[in-house]
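Thanks for coming. Please have a look at the structure first.

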Amino acid sequence: MPGIQRRGPRRPPATTEGTLPPEGSAAALGRGHALPLRQWPITLVLAVALTGLLITWAGDFRLGLLTVGAAPLLGALLRLGLPDVGMLAVRSRFTDVTLMLLFGGVIVVFTLVAQPDPWLRVPLLENIGRLIGHPVH
């Protein structure tokens, strides 16, 4: 009945009625463009990751994995700097940027400390085999 208000705590609905898209999830370009162009931020990030995988497959392990690690770092910069990034926006801006920086950073650091002849020496990571239970040879 109109005009009657419930008193007491409000109960949530039994089923989800809908969710709002994350902030910045509108397409980067208008509908007049093809889908890969409308979604150019994620297309660019995926292209960089694929390029890194191809470089790794071609034989340059470090350069390829550094390129793979650069892909989420690029995604974090795009998500942070652009108002609309389309499908690159999954959660809140803070969560997306934080996770992409974390994952990209981990890939880059692990690539830099990879054996043989690491480009970066981190004493804790040099003996990682011993920490996970593998004997030293």
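Predicted model: local features only at pLDDT ≥ 70, side-chain atom pairs only at ≥ 80, totals over all residues.

Let me begin with Arg 62. A polar atom of the Arg 62 side chain sits 3.0 Å from the backbone oxygen of Thr 111.

Where is Arg 62 placed? The residue belongs to helix H3, which covers residues 61–81. Arg 62 is buried and yet has no salt bridge. The nearest side chain of opposite charge is that of Asp 117, and the distance is 6.2 Å. Setting aside neighbours within four places in sequence, Arg 62 touches Thr 111, Leu 112, Ala 114, Gln 115, Pro 116, Asp 117, Pro 118 and Trp 119. So much for Arg 62.

Now to the charged pair. How many salt bridges does the structure hold? The count is one. The partners are Arg 79 and Asp 96, with their closest N and O atoms 2.8 Å apart. This pair ties together distant parts of the chain, since Arg 79 is in helix H3 and Asp 96 is in helix H4, 17 residues apart.

Are these two partners buried or exposed? Arg 79 has a relative accessible area of 0%, so this residue counts as buried. Asp 96 has 5%, and therefore is buried as well. The cut-off for buried is under 20%.

Next, the surface. A nonpolar patch of about 600 Å² is formed by Leu 99, Leu 102, Phe 103, Val 106, Val 109, Phe 110 and Leu 120. One of its members, Leu 120, lies in the loop between helix H4 (93–112) and helix H5 (123–126).

Finally, the chain as a whole. What does its secondary structure come to? There are six helices and zero strands, and from the N terminus the order reads α-α-α-α-α-α. The chain has 137 residues, of which 23% are buried. Its accessible surface is about 10300 Å², and carbon and sulfur atoms account for 68% of that. Of the contacts between residues at least 6 apart in sequence, 56% join residues at least 24 apart.

To go back to where I started: Arg 62 is buried without a salt bridge, and its side chain has the backbone oxygen of Thr 111 at 3.0 Å. That is what I have for today.

Note on methods:
Residues numbered from 1 in each chain as written. Heavy atoms only, no water. Helix = DSSP H or I, 4+ residues; strand = E, 2+ residues; numbered from the N terminus. Buried < 20%, exposed > 50% of the residue type's maximum accessible area, 1.4 Å probe, protein only. Contact = heavy atoms within 4.5 Å. Areas by Shrake-Rupley, 256 points an atom, 1.4 Å probe, with all protein chains shown as cover. Patch = residues over 30% accessible without salt bridge, like charges linked within 9 Å, V, L, I, M, F, W, Y side chains within 5 Å. Salt bridge = Lys/Arg side-chain N within 4 Å of Asp/Glu carboxyl O. Lys, Arg positive; Asp, Glu negative; His and termini not counted. Polar contact = N/O pair within 3.5 Å; in protein donor to acceptor, adjacent residues only side chain to side chain.
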